[in-house]
Amino acid sequence: MTRLVDVAVKIRSKNAGPFWLTVDIFCGSAEVFDRVSAALKSDEVAKLFQMQTENLKRFDIADLYVVKFSLPRPQIQGVRADRDMHGASFANLLAELVV
Amino acid sequence: MVKVLIPSGALGLGYDRAALARGIAAKPDIIAIDGGSTDSGPHYLGTGTSKYSRNSTKAEWAELMEARAQAGVPLIIGTAGTCGADTAVDWLVEITREIAAERGESLKLAVLKSGQDIEALVHALGAGRITDLPAAPEISASVLRDCTNVVALAGAEQIQAALDTGADIVIAGRTTDTAILSALPLARGCHAGGVWHGAKIGECGALATTSPNSGTILIEFDETGFTMTPMGADARATPHTVSAHMLYENSDPYILYEPGGHLDVRGATYTALDDRTVRVEGSKWVVSDRYTVKLEGARQAGFQTVSLALVRDARYVEHINAWCADIVEKCAAKAQARVDGQFGIELRIIGQNATLGELDSQAVAGTELGVMGIVTAETEALSREVAKMLNPYLLHHPLTEQEEMPTFAFPFSPPEMPRGAIYEFCLNHVLELDDPMQAFRLSVEEIKP
């Protein structure tokens, strides 16, 4: 079982303002990018965040070997139910995804 | 050509002093630094305060004031005091006066305030001049009136007005991250697409280089684009580090909205001039029909008290979910019978899934767990009162009735820690303006030693 963390160079998540979260998967090479881009299904990523696929924005950026996802934050930054002020830990959900 | 020196990604983050000195030697036209963002959470805008220590801020700001005096060019800070609220601007203005007095320096200081008059916003909402952005919460006049602070993000136009005063130092309230970098090159006729793109790349200092901690970078803007040069001895900018920075904290890697238009970098080309300097051309600036500024607001969302208990007993670790659920149920019932007012009790299990909550499907508990009790209530006194009712459960609650009373580890006495008022962001909207200065206030002060 190969997880995304085993093939990607870096996976990071960050707030994009208090209402959005963005996740960048740096693949490091054309070969890994092609593999990750093909294997990563938007439906599965949406399922990780328990959200509707149509609210997930996806960018496959071949020049940078990056696959990027942006989504409305699972909880607005800093509200009572939010657990991660900077949104940095959501990257782990993607990292552990089997591709 | 306009040279903008960026000491670091934010005042208070620190930088490499040798890199800053190299930047001053390169004869910049302006020194620009960011003072904050929403990234540290709603507390700062809610309270109108800075996240960095006053002493650290003063120490770094004094160094930048010294660098400015050496260079003989304007120094500008945007989003002063983390949140850019008027009280945070006043805080930095006071620090600036102190430093000037200590240095025996005469200064012309321009202050741009971004704090909004709530009733004017209520009127604008009624007039259809406030529009929601994607994923915005619902708002109403009462949501606006609940806000303790609302700020509008100034763009290049308001910063240009501040620079036009001839000020030595500009302290601005909330601005877009890019506006403080773009204002001067735009005023001098540099390529608009190149200016906004370079400003986005430069707003985090050396983050778009191979050596993010070196802080200082220099961006040269001209008629066709921009050139980025890191000032750290070992820092390198490459086409990859520069182009990849458009991903950072941006929901769309190609488009960036600003007051008055948007940047489109889809046509940008990135060329290495040598092994550490990058040239960028081909970005576009698209002017919008309406002039809008983004609004940020925070309101109080109750008061919180947290407690922490540590569970090392293997049997309790194994049954932690049941134990926590039973505590919440019993404590809530007891508190309801004994206090008046709204409250909520939550237990987060540190070491199991405190970070991701129900999104975490890989949660595995270790040999010990932290149990963080969070009591939120409508008054501070009530949050403490309920937390004090929760503590005996966290200390002694048995899994079953047929066992001796257990005792868990409290790392502190008292175990409950009042957090005071909590805040939440409640605006993700833009405000339409007839004139860019309409929602902002500019003043000038002569500081004499």
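1. A term to have in hand before you look: a helix crossing counts as right-handed if the near helix is turned clockwise from the far one by less than a right angle, and left-handed if anticlockwise. Keep in mind, too, that this is a predicted model.

2. Now try that on chain B. The crossing of helices α8(B) and α9(B) is right-handed. Helix α8 covers residues 179-187 and helix α9 covers residues 192-202, and their axes lie 8 Å apart at an angle of about 150 degrees. Angles over 145 degrees count as roughly antiparallel, so that is how α8(B) and α9(B) are related.

3. Who does the touching here? On the α8(B) side you'll find Ala179(B), Leu181(B), Ser182(B), Pro185(B) and Leu186(B), and they meet Ala192(B), Val195(B), Trp196(B), Ala199(B) and Gly202(B) of α9(B). Sorted by class, this contact has 8 nonpolar and 2 polar residues, with no charged ones.

4. Next, have a look at strand β19 of chain B (residues 429-432). Strand β5 (residues 130-132) of chain B runs antiparallel to it, joined by 3 bridges, and Asp132(B) stands opposite His429(B). Strand β15 (residues 292-311) of chain B also pairs with β19(B) in the antiparallel sense, this time over 4 bridges. In that pairing, Thr292(B) sits opposite Glu432(B).

5. Last, the two chains together. In all, 37 residues of chain B are in contact with 37 residues of chain A. Between them the chains bury about 3,200 Å², 60% of it on carbon and sulfur atoms.

Terms used. Residues numbered from 1 in each chain as written. Chains lettered and ligands numbered in written order. Predicted model: local features only at pLDDT ≥ 70, side-chain atom pairs only at ≥ 80, totals over all residues. Heavy atoms only, no water. Pairing = 2+ DSSP bridges. Helix = DSSP H or I, 4+ residues; strand = E, 2+ residues; numbered from the N terminus. Axes fitted to C-alpha atoms, helices over the stretch in contact; angles between N-to-C directions. Parallel < 35°, antiparallel > 145°, perpendicular 65-115°, else oblique. Contact = heavy atoms within 4.5 Å. Nonpolar A, V, L, I, M, F, W, Y, C, P; charged D, E, K, R; others polar. Buried area = accessible area lost by both parts, 1.4 Å probe.
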